[in-house]
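Me: Please take a close look at the inside of this protein with me. I'd like one connected walk through it, in plain words.

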Amino acid sequence: MKGRPFFVRPFSPGQARRKRKPLFSAVLLLLIFSGCLFCPLFFTGDPAYMQLSSSHLPPGRDFFFGTDALGRDIFLMIWHGGRVSLLIGFLAAAIAAAAAILLGTLGGLAPAPLDAVLMRLNEILLSIPSLLLTVFLQAILGKATVASLSVVIGLSSFMGMARVVRTEVRQLKSSEYVIAARQMGAGFLRILCRHLLPGCMPSILFMTVMNIRGAIMAESTLSFMGMGLSLETVSWGSMLSLAERALSGGSWWVILIPGAFLLATLVSITELGNSLRDGLYQKQSNL
């Protein structure tokens, strides 16, 4: 009987899970994004239109996802509200990434005293619960809008990424190619864009994707607490703010359907983020 060659490794189910691509999550997220982006072309109607005579209607032929207490069509609200929630998620993640890259690279390249001051300030902000910091910043800005929520959520979620960027910049700045670039007279921006950021990109991309998920969750949480967008501005968070009234009235579809869309989006983003991180680190290790 022929034995198995010694150089052939046994197949591991864990390796299959690591190599498996989240195809279902990607397709689901693409469908949700496409529906939210192109909803004005396919789903005509005003999602904020109120018709009290049609309030609390369950899902049916006239209203696919039913109506809420104000008689608004939940099917239209899902797609139009998703545009607002996703916009807040992407804007907040972009603001957090920009702030983290600025503070992290400045701390990584700065002299030791300045680096210590910047990192202590970052740790102080990091010790404050993000939700509490978000509520505090939003109270300073006043009425919640898409722009203000994006800024507030972005500025309350960059601290962890800044620490990671600072650590990797400090490791990369002693590399031979960075030292050679300095000796050849390369400026700060050139070294940052050509040598430092590419080495930090796997961590930045993964944490940015996770920040998109966190920003959507934060917007929904603030709206559920009554501190988010007003009811006139349709979003997944503002729809979930009606949860208590919907459950007390037996209108399960008002909370279940928006919650299902929100949960599917968050889980899909998480799966894609983990796959992106594994792929980028595998590519970097191969190099």
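Reply: Let's start with the term "nonpolar core": a set of buried Ala, Val, Leu, Ile, Met, Phe, Trp, Tyr and Cys residues joined through side-chain atoms within 4.5 Å. "Buried" is under 20% relative accessible area, exposed is over 50%, and partly exposed lies in between (1.4 Å probe, protein chains only). The model is predicted, so local features need pLDDT of at least 70 and side-chain atom pairs count only at pLDDT 80 or more, while totals for chains, interfaces and linings use all residues. Residues are numbered from 1 along each chain as its sequence is written, and side-chain values use heavy atoms, with hydrogens and water left out.

Now for the core itself. The largest one has 29 residues, and Ile-78 and Trp-236 have the most contacts inside it (contact: heavy atoms within 4.5 Å). At least two of its residues come from each of helices H2 (23-37), H4 (74-109), H10 (188-224), H11 (236-240) and H13 (252-286). Helices here are DSSP runs of H or I, at least four residues, numbered from the N terminus.

Zoom in on Trp-236. Leaving out residues up to four places away in sequence, Trp-236 touches Ile-32, Cys-36, Ile-78, Gly-81, Gly-82, Ser-85, Phe-261, Leu-262 and Thr-265. Apart from this core lies another, with 23 residues, including Leu-103, Met-161, Ala-162 and Val-178.

Let's finish with helix H6. Leu-133, Thr-134, Val-135 and Gln-138 are its buried residues. At 1.5 Å a residue, the 12 residues of H6 should span 16 Å, and its end C-alpha atoms are 16 Å apart, so the two agree; the expected span is 1.5 Å times one less than the number of residues. Just after H6, Gly-142 takes a positive phi of about 95 degrees.
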